[in-house]
Amino acid sequence: TGHELVLQTDPKKALEQLRSERFDVLVTDMLMPELRGIDIIRELRREKSDLWIVAISGGGDTITEKSMLRMSEAYGADRVLYKPFRKPELLAAIERD
């Protein structure tokens, strides 16, 4: 399947872009500067219920990746991936069942 990738390194700009444009899938890290992935998921799940969301995390200094990804599922992520992951795992996660 073909996918067009749009990369945004600034989480606040990404949220603006996700609100103003149409996307099928969002892949978001859970721990980012200025805005956490959990906040992006929570906001977008209210606004765009059809957006497929994949949360990724390798954990951090104060929280494990399992805890972070469990929270992301509770807020509406459709799939979760633990870092590090390989391309086939990512491709499988972005495909809807």
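V54 is found in strand β2. Helices (H or I, at least four residues) and strands (E, at least two) are DSSP runs, numbered from the N terminus. The model is predicted, so local features need pLDDT of at least 70 and side-chain atom pairs count only at pLDDT 80 or more, while totals for chains, interfaces and linings use all residues. Residues are numbered from 1 along each chain as its sequence is written, and side-chain values use heavy atoms, with hydrogens and water left out.

Is V54 buried or exposed? V54 is buried, with a relative accessible area of 0%; buried means under 20% relative accessible area, exposed over 50%, and partly exposed in between (1.4 Å probe, protein chains only). V54 and F85 lie 31 residues apart in sequence and 13 Å apart in space, C-alpha to C-alpha.

The rest of the strand is covered too: 6 of the 6 residues of β2 are buried. W52, V54 and I56 are on one side, with I53, A55 and S57 on the other. In a regular strand the side chains alternate between the two faces of the sheet.

Now to helix α1. Its residues P11, A14, L15, Q17 and L18 are buried. Seen down the axis of α1, these fall within an arc of 165 degrees (taken from the directions from the helix axis to the C-beta atoms), so they line one face of the helix. E16 and S20, on the other side of α1, are exposed.

Which elements each supply at least two residues of the lining of the largest pocket? They are α1 (11–20), β1 and α4 (87–94). β1 gives the most, with 5 residues. A pocket is an open set of points on a 1 Å grid over the protein atoms alone where a 1.4 Å probe fits, with protein on both sides within 12 Å along at least five of seven lines; lining residues have an atom within 4 Å of a point. Of the 25 lining residues, L5, V6, V25, L26 and V27 are the closest to the centre of the largest pocket.
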